[in-house]
Amino acid sequence: MAKLLEHSCITGAMNTNFAIELKRFGADETALRLLDVDGPHLLPYATLLTARHNGDEDLQAVGAVYEWQGTPLIFLAAANQLGQHEGRLQRIRRLLAMRGDAPYLGVIGAGRLDVYYIGLDDCRPAQARIAVGVAEGQEIATLAHLANVRPGLPAGQRQWISEVVLKLLSNSIDTLKTVCSVEDDDAISLVGRALFTRFLGDRHLLGSLGVDAYTTAELFDDAVRAAATSDWLDQTFNGDFLPTSQGIWERLPEQAFKVLGDILRRAPGGQLYLGWEERWDNLDFAHIPVGVLSQAYEHYLHQHAPDRQRREGGYYTPRPIAELMVRGGLNAVARTELPHAARVLDPAAGAGVFLLTAFRQLVAECWRADGQRPDTTKLRRILYHQITGFDINEAALRFAALGLYLISIELDDHPEPVRKLRFENLRGRVLLKLGGNSSDRTLGSLGPAVGDEHVGRYDLVVGNPPWASSTRLPGWSEVHAIVQRIAQRRLPPGSPAPPIPNEVLDLPFVWRAMEWAKPMGQIALALHARLLFQQGDGMQEARRTLFSALDVTGIVNGVELRQTKVWPEIDAPFCILYARNQPPPRGAGFRLVSPRLEGPLNSAGGMRIDATNAELVTSEEVAERPEILKLLFKGTRSDVQVYDRLRSHAPERLGDYWRRLFGSEGGRARYTGNGYQKLRKSSRIRKNGDGLPGVPATYLHGRREINSYAMSDILVEAKSLPLFEDSRIHDPRSPHLFDGPLAVVQKAPPAALGRIKTAVIVDGAVFNTSFYGYSAHQHDDGALLVRYLSLLIGSRIALWQVLITSGEFGFERETIEKATIDGLLVRPLETLSQGDRDDLLRLFDLVRNGALDGWEQVDQWFAEIYRLRPRDLQVVADTLEYNLPFSKNRRLAQEPASEAAIHQFCSVLCAELSPWAERFGRRIEAVPAAKLVASPWRGVRVSSGSRCAQDVAGGHFDWSRFLPLADHFAATEVTFADAKDCLWLGRLNQARYWSESQARLVAQRLAWEHVDVLRGRATS
């Protein structure tokens, strides 16, 4: 077994060259940020640089930061500047933890890299040091391993500082309310004023009040000083603090001033205690990002106003997601305009996370354009003229204003003298309130309150609009009228008005963004992912219309990442839409990026945005194929080809087939539907009924009722079932729905079964809403028909169809909607030969009798019915294996590929490429490269000659070239030529990327993109 690297702190006299030292550990040089020379790329680290500039001895040792996907991964300290004092390293960990960004601190020197997790805890360095798990001689994989695997991190580490501030904030507000009898609004306002004062004090900006950072605590010690401080805040910052009631200071009890004073108190002498408790005095707000204050306040308000949050559908956006969106949006602006002059709008600003992020990015762009750091005048110009935010919430806008003031101060290289703290009023100019009182239900940005001066004004419209649905807002018809007006300018004449299904709020924001953005301007919005995948309730047409009106350029599909630390505290699936503000030109398309669930990475708040290997989708495909995005999310282009082949041999869908057999009633096929609903609180009293909620169920008495337990067999004897005895049900169901012969389908497929569970009840039975039913009592051969249906729906091919087309299963729920079952492709029973019918009965009996390979024979039979090839079945099997929404499949997808799987991958790759190479008289070999234990990737070398195979046999693989490249793009796959007849292929070492189907896709790409290698003419 390889000996693992030992850890020790190395000291020396020479200065550390971080670029040279990190090369040994696989660094991508473009991701290294040196902190010795200021520049626009270091603005996210402004507070850190300020502390170093002001002589902070501890932080002087931190000389660089290494980033991954544009976010900090590991701060780097020189061992020869740390010495042997453990307390110093402990303080550095604590100070860096206040930032809430990078998870690691590395101490580097003399060819060693010791890694510690960053935290607010009181762990000694030996306890915080992590075993990276890199074998001796394989150090080249260190940084890639840290970025992709995130070893040694405590649970919830990324959000720790936000959670601490939120907890302290909540405790202070609650104490004022419960112990000091302060009203809710006053308590929130008082704590906010004290906390803002603490921000200024810790940043040494209260000199005009005659205090320094260590005497700030006295400013709220009694009524006189508290009132004076509060007045100064209102005058300096234009009254953007939440208001307090008249005479509040005189009414406060002594205990209340202690609560406020505790918020302002720092550790004695400014030193952080080596011990750790969640207390105000253990924090240093000189290092805590401005956004944390707004984030904590917004979280508090959401927790204490949950009804409002559900109604408005707003969620605080994590900083990494806001930065990803703003960075992507402004990079797109830079292709056609000068980014430093861009105007940015957030139409649902909330507490201002996007405005803060955009402001910082615009300052950086100004710095790059001018070649010098923007001074106070330029900072104010950007603030007053290039940033705009709309919102309906007064409190949120005030928090946004305070955040903008603070970040303006933070990014100012010379924020003093105190007169610089005075700002022009942002309200009505930068921040606009659209709506009435906070209790009013208003259309806000979606209504006519937004003036014409905002039409075509902005280079970038970015934000996270509310996702709520069924809001029943007054005046909703105005939203429809505005959206229709915008659509008429962009869609062909005579196009129907765009639907807004279920009155969802985020979809109209996309349409309004088309009006607010300049022609060819950029749009970047975080949305509910129902826009991409929902098939019912008019969302297909809404999606088709939107993608016909807007040139979508990219989508980040975050569905797999819901309920992870990537976006904490939300369960809803999300996506990020990037677009250019014009109708899509002919042939236009976009990249669909679907970050996959990666446990350790997601638990640390990270996600892999692999744009280089994204699926390319055209606007025409979205318009013509409602299921295309789900197909490419849960499957690949191979699945699209298999689905098209299946559709060509079975063009009729089950719902249409059933309607053809039995006719329709009320627009729906007869003798099929959902089961009965039990009586519930919402059951209505009918106008001409018996005066009781629901309807009498006596007409179903005497019938048997199917349940999940009874569906353990595919053929259920009705006499074995309990009698239906409910006296009333929610709504009536046709009794013929329950007549036999009957096929019953369970809505939620059992994870252990790996199939949709079905059963046949020859004599019929009642079933509830956990099931769907298909009654063939009016068919001449109903018993055969329901057996056919039961095997069809229970087949793996049917489950695969459901997975890649359902608007719910594998998206937001683990249940299957009736419309998706009705959408299954089916060969009509009457087209089957007598031999096929005999096989059908034989297979049904095999399954009924529990034959071990019964269902496998069913799958093979349906493959023959659908004329699918063995490789098509392999696509189906691989997609189900790694993409079903069950925990077992999610776990399998992320596990390292087995050696057998990698060798099989190489065999398939070789077999697929050989016909191409033979055309040029070459012979293909694909061989696994020597394994690098800690590397997140595995390598394969593809050759069309003999020398490469000999090199691979000797274990050669240029990891020093591959790893920085793969890590730079956060790629799942990287290829590069190494000689005229050699090609390196590196893939993320997760089983989902090493299936036979994946090998065939890779072969197709190599044949198209690297034909020179197959011919032996490539150059390195």
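## A residue at the surface, and its setting

Guide: Glu620 is partly exposed, with a relative accessible area of 31%, where buried means under 20%, exposed over 50% and partly exposed in between, computed with a 1.4 Å probe and protein chains only. This is a predicted model, in which local features need pLDDT of at least 70 and side-chain atom pairs count only at pLDDT 80 or more, while totals for chains, interfaces and linings use all residues. Residues are numbered from 1 along each chain as its sequence is written, and side-chain values use heavy atoms, with hydrogens and water left out.

The residue belongs to helix α24, residues 619-624; helices (H or I, at least four residues) and strands (E, at least two) are DSSP runs, numbered from the N terminus. Once neighbours within four places in sequence are set aside, Glu620 is in contact with Arg586, Gly587 and Ala588, contact meaning heavy atoms within 4.5 Å. Glu620 and Asp36 are 584 residues apart along the chain, and their C-alpha atoms are separated by 51 Å.

Leu35 counts as buried because its relative accessibility is 4%. Its contacts beyond four places in sequence are Leu42, Leu48, Leu49, Arg52, Val62, Gly63, Ala64 and Val65. Of these, Arg52 is 17 residues from Leu35 in sequence, with 9.0 Å between the two C-alpha atoms.

Burial can also be followed along a helix. In α17 (residues 376-386), Thr376, Leu379, Arg380, Ile382, Leu383, Tyr384 and Gln386 are buried, and the buried residues of this helix pack against β6 (344-346), α16 (353-370), β7 (387-391) and α18.

Five residues of the lining, the largest share, come from α9. The lining includes Phe196, Tyr297 and Phe399.

Ala110, in the loop between β4 (104-109) and β5 (112-117), has a phi near 55°, a positive value in a residue other than glycine, and is exposed at a relative accessible area of 61%. Asn502, likewise not a glycine, has a positive phi of about 55°; it sits in the loop between α19 (476-488) and α20 (506-516) and is partly exposed at 39% relative accessibility. A cis peptide bond, with omega about 0°, joins Gly740 and Pro741, and Pro741 lies in the loop between β20 (728-729) and β21 (742-746).

As for the whole, the chain has 39 helices and 28 strands, and buried residues make up 59% of its 1020 residues. Among contacts with a separation of 6 or more, 75% join residues 24 or more positions apart. The C-alpha trace spans about 95 × 85 × 55 Å along its principal axes.

Key: 1 Å grid on protein atoms, 1.4 Å probe; cavity = no way out; pocket = protein on both sides within 12 Å on 5 of 7 lines; lining within 4 Å.
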